[in-house]
Amino acid sequence: ISIDEAQADKLLKNLEDAINESFKPTYTELTELIRLHSQNAREHDGVWSMPNGEDYYKHRLKIYTTTDYSPDEIHEIGLKLVESIQSEIRSILEAEGYDVSRPLATLYDELNNDPRFLFEDSDEGRQAILDEYTRINEETYEILPDYFNELPQAKVVVKRIPIFSEQSAAGGYYQGSSLDGSRPAAWYANLYDIKATQTFGMPALSFHEAVPGHHLQIALNQENSNQTLWNKFGYTTSAFTEGWALYAEKLAVEAGLVTDPYDRIGSLQSELFRAARLVVDTGIHAKRWTREEAIKY
């Protein structure tokens, strides 16, 4: 902004005073409050240990899944999915010459650290990741008219998660476009740890976050003139939004966008990630698993 040096110094001094006199002391108070409350924290990890916890959890499951499945039923669904997905991954690895008698975790470590699937740890390497995500996104756009009668006017572009927030951010996330269309939607890729991005996992993440995943559903919903502002922005349920994005990953595979066997493993790993959540969430909150048991699973 166009201000002289004296104005800038004054603003910075005001900011420093505000931080030291107001901001820091309130955080000190907050730290002490958390310390006091932590002494009274309940010892169990699951919501089952709270008053009416079991009924509360059943209610949350109904909201998130839109079904009447019990925690036990969802737990069993998760276990069966994990087993079937892992079996499919093993069969692909075996066909590619891997010794599948070894634990799957060991095989994952090999894959995740294989130089064939990694980018150079540099600015050039990070730009290469963005370029590859852009290529996948543009390639996917080309097949959309073959599968959808209506597409949103808003486009989705690939961006890097801002450096200041990438260390604690997810691997990727979607941000919808502005209502007036002046800003496109974006799906943000996390480039903090370059070894966390393997080439074989990139297509599935792009399909999930951009097209035909979150963008198609959310942008069409925002552009729907029959929807209220609340329905455009305020209401969502996991079965609807995350369910669509997971389905979209499978649709992209069925549409022939995934032909490489390792990319197929990346898609299956994405499914496995969701299946394991079913097991762990119900394990902690209904089956009284400890946090350590969940981590071990």
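Contact here means heavy atoms within 4.5 Å. This is a predicted model, where local features need pLDDT of at least 70, side-chain atom pairs count only at pLDDT 80 or more, and totals for chains, interfaces and linings use all residues. Residues are numbered from 1 along each chain as its sequence is written, and side-chain values use heavy atoms, leaving out hydrogens and water.

**Exercise 1.** Work out the surroundings of Glu209.

*Solution.* Next, skip the neighbours within four places in sequence; Glu209 then touches Gly172, Tyr173, Tyr174, Trp187, His214 and His215. Now check the charge. Glu209 is buried (under 20% relative accessible area, with exposed being over 50% and partly exposed in between, 1.4 Å probe, protein chains only). Even so, Glu209 has no salt bridge (a side-chain nitrogen of Lys or Arg within 4 Å of a carboxyl oxygen of Asp or Glu). The nearest side chain of opposite charge, Arg274, is 5.6 Å away.

**Exercise 2.** Find which residues have the most contacts inside the largest nonpolar core.

*Solution.* A nonpolar core is a set of buried Ala, Val, Leu, Ile, Met, Phe, Trp, Tyr and Cys residues joined through side-chain atoms within 4.5 Å. The largest one has 28 residues, and Ile129, Tyr133, Val156 and Trp187 have the most contacts inside it. Then look at the elements: those giving two or more residues include α5 (123–143), β1 (156–160) and β3 (185–189). Helix α5 gives the most, six residues.

Terms used:
Lys, Arg positive; Asp, Glu negative; His and termini not counted. Helix = DSSP H or I, 4+ residues; strand = E, 2+ residues; numbered from the N terminus.
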